[in-house]
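Me: I have a structure open and want to go through it with you. Can we start with the disulfides and then look at the packing?

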Amino acid sequence: MLRRVLCSAFVGFGALGHAAQVPVVSHYGPQPGDTTSIGEALEQGRLSSFDKPHYATDGLPVEEIDRLADWRLDDPPNVNSTGHFIFETVSSLLQHWPNTRMRNGHNIVPGTIPTGTLLYHGTWHPELPPGPDWAAFDPEHSVIFCGGVIEYGRCWHLTLITTRPLNVVYFDGNSAAKLSTGTLDSQDIVTWGNVRPDWSFDEWSRITTLCDWGREYNIDGFVRMEMSFEVMLCNFTSGIRVVSFPNIVDPVIIRNATRRFPFTFEVMYAGSRHNRYPGETRVRLDLSGLVSFYDTELVPSLVSARFGVERWDHRLLNISMEDAVRVKGRLEEALSRPAGGSSGVDWQALIRVVVDRYSERLQVVQYLLNSTETNAYDPDSALDYAIKTQVQLRHMLMPYIGVNVTPRSIGANTNQIAADVLDWARPVYKLCATTLTDRIRDCTMTSSEKLLLNAVQGTMREICRVVTKMWGLGVSVGVDQFMGTDREPDVKTIQNTMKIWRNDIDELMAWLDWNVWVKCRPECGPEEICYLPTWPAGFPPPHERARVPRPDEGDRVPLLPSQSTPVPTDTPIPWRGGMAGREIAEDWKRPQPRCIRRIHLYNVGM
């Protein structure tokens with residue numbers, strides 16, 4: 001309470017100097033002494049930037065210069081910044097599509113499964129699991145673990161209902177895919193204190209160790225994503241009760257079946273129902289307790305490991321022992337925090353506001369600039385596309401363009417350094433970047449919330465920097481419908497401006513890398529769905545060094561509690577780890593969207 005009072009008392013003072021900050025460094029620009037004019041820059045198809053600050057006093061009132069010193073339009077984010085990764089991964093939590101595409105998870109989040117939620121468990125015997133075991137959120141997923149042949153009726157399908165909120169910990173990414181390439185890294189850190197790729201199939205040790213650790217924090221289970229979402233339940237008699245436990249006609253394994261992937265496909269189809277936001281709604285996450293391996297203050301040892309590495313290949317192999325201990329401590333701190341110890345900000349909603357407002361408009365701008373080769377435009381077409389693009393840019397900035405924003409008068413022969421030409425637009429840039437979070441105070445925030453705030457601020461800053469720069473350039477060359485209308489557009493200048501725009505929008509969207517832009521084009525037909533290669537179909541078999549427990553290995557590997565009943569001998573059990581496909585998908589490492597058949601006969605397009 002005292003902290004909230006002190007926060008309120010100092011809000012006014014904090015507002016005087018508040019501005020969104022992210023580490024910035026210039027990565028491009030002319031050599032010192034470059035005096036390229038705006039006309040020359042446009043002829044070259046580029047807009048020059050500075051290697052050091054320089055502000056023209058005739059572009060803005062003197063009193064504005066210091067206030068906008070940190071809002072230069074030629075300052076991109078630091079190459080080691082991770083705020084956009086945090087932003088996108090948090091935006092993607094509990095969604096099947098983005099976590100299938102970028103399968104190596106980097107977030108651990110506390111949450112709950114609400115009262116009244118149905119869970120499912122398939123087995124080959126009619127006994128309740130006596131200890132930790134797995135349950136699915138979708139029956140199509142659980143039924144594949146029955147393990148019997150249809151003629152013998154060995155599919156016992158358990159339906160459970162939660163009688164109270166279950167406390168869970170969620171690992172993002174494709175965190176139930178038994179791969180040695182990074183999908184299990186974050187679990188390994190919590191389970192064993194370091195990454196163990198050679199233990200990727202040792203699910204029994206994983207679930208028992210996690211449940212033993214979580215008992216101190218009243219954790220009921222751990223949520224992961226396989227082909228669909230699942231929960232590793234620590235106790236099948238605490239907080240849940242049986243709804244039904246019938247011996248069902250098993251639709252999974254048909255004797256002498258010849259069709260590929262029928263059962264696997266139906267699980268993947270069930271998972272696809274959670275592809276996009278809001279994703280799997282039967283889990284409620286508490287983002288005030290989020291722990292991210294993209295937090296460079298919490299995990300500095302991974303900064304150098306990620307340098308120059310594409311996001312597909314980000315993983316936790318090189319984490320230091322100190323950082324691993326600190327991560328686990330941060331998670332335990334979040335799990336121990338009493339209810340109400342956060343700011344109350346709905347971070348997921350805040351992030352969705354940004355994605356919903358900018359994703360489609362940025363995509364439209366990219367479409368306009370990439371749909372036709374700029375140099376092939378006739379003069380009228382070039383001007384038409386430039387005006388259409390400028391309209392989209394203006395709409396994104398509309399709430400931030402004040403009546404006192406006045407473009408500097410320029411001309412093709414103006415001998416001034418190009419970076420200064422747009423200094424008049426810096427107030428628009430700052431207002432755009434800060435409005436969403438300007439009055440969110442960190443006095444009552446957890447460390448996780450401060451991380452989220454910085455991620456939103458850094459992402460907004462770069463979106464607004466690039467969009468403002470593009471819009472200001474459009475005003476300067478005379479294609480805006482409200483400013484600079486006294487200027488006669490020059491076709492060559494407009495064509496070069498569109499080259500600059502195309503480069504800017506492509507770089508921004510590649511930096512953001514939002515999953516909402518990843519889709520099948522053209523759209524799939526009514527008998528198809530849009531698909532990304534999903535483990536285990538089309539993936540290589542286990543790494544030769546991986547320890548692969550099997551139900552029939554007897555005393556060599558401890559059996560799961562649910563495997564204590566003798567296994568049917570007439571057919572192999574779909575052991576924890578799934579069934580690897582016989583054909584390897586060419587894009588299993590870097591999944592690309594494609595349309596596949598939705599109805600029998602199935603085909604995953606490998």
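Me: Which hand does the link of cysteine 211 and cysteine 234 have?
Reply: This is a predicted model, so take every value as computed. The link of cysteine 211 and cysteine 234 is left-handed, with -85° about the S-S bond. The S to S distance is 2.1 Å.

Me: What parts does that pair tie together?
Reply: Cysteine 211 sits in helix α8 (residues 203-214), and cysteine 234 sits in the loop between β7 (229-233) and β8 (240-244). The pair therefore ties together parts 23 residues apart in sequence.

Me: Are cysteine 211 and cysteine 234 buried or exposed?
Reply: Cysteine 211 is buried, at 5% relative accessible area. Cysteine 234 is buried too, at 16%. The cut-off for buried is under 20%.

Me: How many disulfides are there?
Reply: The count is 5. One of them joins cysteine 146 to cysteine 155, S to S 1.9 Å. Cysteine 146 has 0% relative accessibility and counts as buried. Cysteine 155 also has 0% and counts as buried.

Me: What about cysteine 524, which cysteine does it form a disulfide with?
Reply: Cysteine 595, with the sulfur atoms 2.1 Å apart. The torsion about that S-S bond is about -90°, so this disulfide is left-handed. Cysteine 524 lies in the loop between α16 and β12 (528-531), while cysteine 595 is in strand β13 (residues 594-597). The pair ties together parts 71 residues apart in sequence.

Me: And how accessible are cysteine 524 and cysteine 595?
Reply: Cysteine 524 is partly exposed, at 23% relative accessibility. Cysteine 595 is partly exposed as well, with a relative accessible area of 29%.

Me: Switching to helices. How do α15 and α16 cross?
Reply: The axes of α15 (residues 447-476) and α16 (residues 491-512) cross at roughly 170° and come within 10 Å. Angles over 145 degrees count as roughly antiparallel, and α15 and α16 are therefore roughly antiparallel to each other.

Me: Which residues make the contact?
Reply: On α15, they include Gly458, Glu462, Val466, Met470 and Leu473. On α16, they include Trp501, Asp504, Leu508 and Trp511. By class, the contact has 10 nonpolar, 4 polar and 3 charged residues.

Me: What about α4 and α15, at what angle do their axes cross?
Reply: Roughly 105°, and the axes come within 8 Å. The range for roughly perpendicular is 65 to 115 degrees, so α4 and α15 are roughly perpendicular to each other.

Me: What meets what there?
Reply: Gly83, His84, Ile86, Phe87 and Val90 of α4 meet Leu451, Leu452, Ala455, Val456 and Thr459 of α15. That contact has 7 nonpolar, 3 polar and no charged residues.

Me: How many residues of α4 are buried?
Reply: 8 of its 9 residues, so α4 is mostly covered. The buried residues include His84, Phe85, Glu88 and Ser91.

Me: What do the buried residues of α4 pack against?
Reply: They pack against β1 (107-113), β11 (291-292), α12 (347-370), α15 and α16.

Me: Last topic, β2. In which sense do β2 and β4 pair?
Reply: Antiparallel, over 6 bridges. β4 covers residues 155-162. The bridge partner of threonine 123 is tryptophan 156 in β4.

Me: And how many residues of β2 are buried?
Reply: 5 of its 6 residues are buried. Strand β2 (residues 118-123) is mostly covered.

Key:
Residues numbered from 1 in each chain as written. Predicted model: local features only at pLDDT ≥ 70, side-chain atom pairs only at ≥ 80, totals over all residues. Heavy atoms only, no water. Axes fitted to C-alpha atoms, helices over the stretch in contact; angles between N-to-C directions. Helix = DSSP H or I, 4+ residues; strand = E, 2+ residues; numbered from the N terminus. Parallel < 35°, antiparallel > 145°, perpendicular 65-115°, else oblique. Contact = heavy atoms within 4.5 Å. Nonpolar A, V, L, I, M, F, W, Y, C, P; charged D, E, K, R; others polar. Buried < 20%, exposed > 50% of the residue type's maximum accessible area, 1.4 Å probe, protein only. Pairing = 2+ DSSP bridges. Disulfide = S-S within 2.5 Å.
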